[in-house]
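I opened this model to look up its aromatic pairs, its sheet and its salt bridges. My entries follow in the order I made them.

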Amino acid sequence: MRLLVMFDLPTESKEDLREYRRFSKFLKTEGFLMVQFSVYSKLCINADSAETISRRLEMNAPFEGDIRYLIVTERQYQNIIKIQGEYSLQEEITTSDRFILIGGMNNENNKRE
């Protein structure tokens with residue numbers, strides 16, 4: 001599952017900028033990655049995890065501005081059509097194939113004698 005956060009926060013005063021930076025820092029420390037400006041995404045292991053993260057998001061949201069979130073399945077997220085630009089490294093790595101091969105672990109050349 002993915003939790004997508006979209007926001008538009010005011011940046012007119014110093015206090016507004018402080019809240020914007022605090023919220024952005026919160027998202028990054030929670031493991032969200034920027035998809036594009038003011039749109040962040042976090043990979044969640046299941047629906048319970050997404051619900052827990054959404055509650056934390058609501059508790060840490062600034063009082064001013066417009067903040068929305070959407071929980072989608074990984075299959076739905078993969079159906080995003082990209083018109084322009086590059087995919088982020090996380091978008092390139094994350095697929096529905098959950099098999100990861102780590103090379104060199106059982107290589108005959110790495111045996112100690």
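Entry 1, aromatic pairs. I took rings of Phe, Tyr and Trp as a pair if their centres lie within 6.5 Å, and I called a pair stacked when the planes are under 30 degrees apart. The model is a predicted one, and I kept that in mind throughout. My search of the whole structure returned four aromatic pairs. I found both Phe-7 and Tyr-40 buried.

I then looked up Phe-23 and Phe-26, which are also a stacked pair, with 6.4 Å from centre to centre and 25° between the planes. Both sit in helix H1, three residues apart, about one turn of the helix. Phe-23 and Phe-26 are both buried. I noted one aromatic cluster, made up of Phe-7, Tyr-20, Phe-23, Phe-26 and Tyr-40.

Entry 2, the sheet. In which order do the four strands of the open sheet lie? I read S2-S3-S1-S4, with antiparallel pairing. The edges are strand S2 (33-36) and strand S4 (66-72), each of which pairs on one side only. On average, neighbouring strands of this sheet are turned by 25° against each other, direction ignored.

I went through two of the pairings. S2 and strand S3 (residues 39-43) are antiparallel and share three bridges. Gln-36 has Val-39 of S3 as its bridge partner, and Leu-33 has Ser-41 of S3. The hairpin of S2 and S3 has two residues between the strands, and there I noted a positive phi near 65° at Ser-38. S1 and S3 are also antiparallel, over five bridges. Val-5 stands opposite Tyr-40 in S3. As a reminder to myself, strands of a sheet pair through backbone hydrogen bonds, either parallel or antiparallel.

Helix H2 (residues 47-60) lies across S1, S3 and S4 and runs at about 20° to S1.

I counted 13 residues in the largest nonpolar core, where Leu-3, Val-5, Phe-7, Phe-23, Leu-27, Phe-32 and Leu-57 touch the most other members. S1, H1 and H2 are the elements that give two or more residues to this core. In general, nonpolar side chains in soluble globular proteins tend to be buried together.

I listed the contacts of Phe-23, leaving out neighbours within four places in sequence: Val-5, Phe-7, Leu-9, Leu-57, Asn-60, Ala-61, Pro-62 and Ile-67. I then turned to Ser-24, which also lies in helix H1. Is Ser-24 buried or exposed? Its relative accessible area is 7%, and I counted as buried anything under 20%, so Ser-24 is buried.

How many salt bridges does the whole structure hold? My search found six, and I looked up three of them.

- Glu-15 and Arg-18 meet through their side chains at 2.5 Å, N to O. Both lie in helix H1, three residues apart. Glu-15 has 42% relative accessibility and Arg-18 has 46%, so each counts as partly exposed.
- Arg-22 and Glu-19 meet at 3.1 Å, N to O. This pair is also in helix H1, with about one turn of the helix between the two residues. Arg-22, at 33%, is partly exposed, and Glu-19, at 26%, is partly exposed.
- Arg-68 and Asp-66 meet at 3.2 Å, N to O. Arg-68 has 52% relative accessibility and counts as exposed, whereas Asp-66, at 34%, counts as partly exposed.

Technical notes. Residues numbered from 1 in each chain as written. Predicted model: local features only at pLDDT ≥ 70, side-chain atom pairs only at ≥ 80, totals over all residues. Heavy atoms only, no water. Pairing = 2+ DSSP bridges. Axes fitted to C-alpha atoms, helices over the stretch in contact; angles between N-to-C directions. Contact = heavy atoms within 4.5 Å. Salt bridge = Lys/Arg side-chain N within 4 Å of Asp/Glu carboxyl O. Buried < 20%, exposed > 50% of the residue type's maximum accessible area, 1.4 Å probe, protein only. Core = buried A, V, L, I, M, F, W, Y, C linked by side-chain atoms within 4.5 Å. Phe/Tyr/Trp six-rings, centres within 6.5 Å; stacked < 30°, edge-to-face > 60°.
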